[in-house]
Amino acid sequence: MAPTTVLVGVPALGPRYAKAAIGAVLPGGRPRTLPDAQLIREDVGIDLGHLAEYARACGLALDGVLPLTYPHVLAFPLQIALMADRSFPLALPGLVHVRNRIVAARAIGPGERLRITVHAADLAAHPRGAQVDLVAHVDAGGERVWSGRSTYLARGAPVPEGRPAASEPEPSAVEGGPPSAVWRVPGDTGRRYARASGDINPIHLHPLTARAFGFPRAIAHGMWTAARAVAALQGRLPATAEFDVAFGKPLLLPSTVELRTRQAGPTDWDLAVASRSGHEHLRASVRAR
Amino acid sequence: MPTNVRRAAVIGGNRIPFARANAAYARASNSDMLTATLDGLVARFGLAGERIGEVVAGAVLKHSRDFNLTREAVLGSRLSPATPAYDVQQACGTGLEAAILVANKIALGQIDSGIAGGVDTASDAPIAVNDDLRRLLVALNGARSLSARLKILGGLRPGQIVPEIPRNAEPRTGLSMGEHAAITAAEWSIGRAEQDELAAASHRNLAAAYDRGFFDDLVTPYLGLTRDANLRPDASADKLAKLRPVFGSGPDATMTAGNSTPLTDGAALVLLGSDEWAAEHRLPVLAHVVDAETAAVDHVHGRDGLLTAPVHAVPRLLERNGLRLQDFDFYEIHEAFASTVLATLKAWEDPAFAKERLGLDAPPGSIDRSRLNVAGSSLAAGHPFAATGGRIVATLAKLLHEKAATGGPARGLISICAAGGQGVVAILEAGR
């Protein structure tokens with residue numbers, strides 16, 4: 001049984017980012033293995049104002065059920081709380097979100113009380129360093145309603161012992177043909193999504209703070225791009241879905257990007273977001289369960 | 001070309017609970033509410049992926065970016081994207097007029113099914129830039145050179161920054177709807193006590209209808225609301241009598257926040273179809289649309305009150321259908337204000353008015369008040385302008401269906417007054 005910490009309230013992210021940034025440059029080693037810990041928030045209600053802000057930031061509708069990607073932002077502060085801790089083997093600053101897989105067992109209503117648990121799993125070698133999965137589960141009334149697995153890459157991190165990450169095939173590409181939509185993504189997209197999601201990683205906020213981390217301009221949150229793609233499929237998504245997103249090149253802000261979709265079944269979709277010059281920012285698949 | 005007309009069937013309806021402005025749905029747009037209501041209807045009647053003949057809806061307070069509001073809602077819904085849609089707007093008559101348009105196309109055989117209704121938000125209302133600023137920005141957009149742009153910007157004045165917020169006022173009279181209604185109330189000597197009693201009955205009837213499960217298959221919960229937020233089950237004429245008048249002036253002022261409808265957010269839709277379409281889809285027919293009439297009055301320079309057009313529309317509709325005002329089992333008279341309903345009823349009872357203004361030898365007469373708004377109306381439920389027609393059509397169709405199931409054929413009258421001096425009225429029947 002993993003040691004479990006039940007959190008009261010949402011962990012504040014600002015201090016944790018700051019602490020992690022300082023910790024990253026302080027001397028002292030990090031453990032080589034994942035903490036055997038699980039963070040839990042019990043009886044979490046949905047703040048409709050927050051839901052509306054998230055929906056507006058991502059172009060989603062307030063249609064009476066939670067968007068497929070919304071539980072991710074509920075679980076995200078718990079992910080950060082785990083990753084910002086010194087017991088975590090990888091330094092939080094510099095972690096890159098490379099993949100996100102969501103299983104939605106059923107639609108969640110905004111009036112439901114949720115139990116959110118997060119733990120880390122599968123620290124493994126990656127061709128460019130080390131990767132780890134942050135696994136979130138959302139339960140309602142004792143029933144598992146949503147799960148998310150966020151894969152983060154630490155570039156150049158010491159390769160952990162043991163087997164390399166099992167490489168699950170990525171969603172297939174959608175290339176060629178006219179786009180189904182062109183998005184003009186404004187420069188403040190990162191700040192808007194940061195407010196709505198709590199993900200205040202400086203690479204998303206401003207060109208200057210992004211430059212400090214080696215990006216020429218601020219970049220969009222991967223989960224914003226993913227949510228925006230879900231919004232583009234409003235009315236066409238299955239009620240119970242598996243959503244798999246692989247993130248590619250950073251989406252520099254502002255930009256104009258193209259969405260391509262391919263229907264793979266009545267409510268099954270493959271989609272890709274790419275720049276006009278062909279840099280792929282995201283590819284994803286939605287499958288009915 | 002079809003040669004025979006058929007009666008359009010009302011198959012059912014769906015609405016979200018109505019919310020008071022700037023409360024539960026403060027962050028929801030017209031598009032959000034209309035799409036949620038459409039998806040609720042689709043779920044209730046198993047229409048996912050179905051190509052419907054057309055969807056017709058509208059909003060009174062509408063942002064210019066929502067020019068294709070209804071079509072966009074269809075594209076965001078689970079209906080087939082091959083379902084066409086268009087917007088209509090006739091103030092508070094929007095929802096009922098939309099239903100009439102759809103019913104007429106069904107009657108002519110042009111379509112076999114359709115969805116009609118409307119949505120409105122007083123919370124997420126469009127705010128326009130001051131008209132002077134708007135002209136300046138349009139000119140700026142068209143300017144070709146930097147010097148031309150600077151010259152235009154030099155004309156910017158602080159007062160132009162003040163936005164224009166939509167007002168519930170008539171463009172030609174400058175009076176609010178409540179002020180217009182107060183004039184009509186004074187003209188017909190509508191007393192305070194009878195207005196409060198009508199308002200209390202609306203709350204009582206709506207609460208009772210919820211309690212007996214009447215709305216279980218007409219309303220889908222939304223953003224935490226399961227019942228209309230304005231509903232006060234314990235409202236009584238005594239309590240309402242304590243409120244201070246807000247419209248009219250002096251000792252004759254009788255209209256309060258309790259006997260006037262509040263600003264409200266919400267959406268409502270009805271599903272219509274031919275009998276054959278309903279049978280093919282194994283769906284019930286609640287009632288049929290018999291006929292409809294829209295009247296307009298000159299509330300600017302003429303003698304009629306802003307909200308009195310139904311007084312003229314109903315007698316015309318009765319005559320065309322060979323019916324008397326008393327030939328109805330249910331009357332659904334939209335409660336814009338309690339005084340509006342009471343003035344309408346009083347006008348129909350007045351022999352002089354009938355002779356001089358309606359051109360009738362005898363007045364339409366009085367109605368059995370126990371048949372009026374028996375499941376509550378706008379004073380209790382609230383009144384998101386364009387949504388009210390859909391609420392009333394679905395409510396009346398279900399009332400008629402219940403009555404016809406036990407007591408033989410049933411007939412109902414709908415009367416909705418609207419801004420601009422218009423009134424939309426219709427007859428529904430069940431069991432014949």
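Predicted model: local features only at pLDDT ≥ 70, side-chain atom pairs only at ≥ 80, totals over all residues.
**View 1. The overall build of chain B.** Chain B contains 14 helices and 12 strands. Its radius of gyration is 22 Å, close to the 22 Å that the globule rule gives for 432 residues, so chain B is as compact as a globular protein of that length. Along the principal axes, the C-alpha trace of chain B spans about 80 × 60 × 45 Å.

**View 2. The interior and surface of chain B.** Of the 432 residues in chain B, 56% are buried. When contacts between residues at least 6 apart in the sequence of chain B are considered, 79% of them join residues at least 24 apart. The accessible surface of chain B comes to about 17900 Å², and carbon and sulfur atoms account for 52% of that surface.

**View 3. The largest cavity.** Rolling a probe the size of a water molecule over the atoms shows where empty space is left. The structure holds 5 cavities of 30 Å³ or more, and the largest cavity contains about 100 Å³ of space. Its lining is made up of 15 residues, and those nearest the centre are B:Trp188, B:Asp304, B:Gly305, B:Thr308 and B:Phe353.

**View 4. The helices and residue classes around the largest cavity.** In chain B, helix 6 (177-187), helix 10 (309-321) and helix 11 (338-349) each supply at least two residues of the lining, with the largest share, 4 residues, coming from helix 11 of chain B. Sorted by class, the lining of the largest cavity has 5 nonpolar, 6 polar and 4 charged residues.

Conventions
Residues numbered from 1 in each chain as written. Chains lettered and ligands numbered in written order. Heavy atoms only, no water. 1 Å grid on protein atoms, 1.4 Å probe; cavity = no way out; pocket = protein on both sides within 12 Å on 5 of 7 lines; lining within 4 Å. Points joined across faces, edges and corners; volume = space filled by probe spheres on them. Nonpolar A, V, L, I, M, F, W, Y, C, P; charged D, E, K, R; others polar. Rg over C-alpha atoms; globule rule 2.2 N^0.38 Å. Buried < 20%, exposed > 50% of the residue type's maximum accessible area, 1.4 Å probe, protein only. Contact = heavy atoms within 4.5 Å. Areas by Shrake-Rupley, 256 points an atom, 1.4 Å probe, with all protein chains shown as cover.
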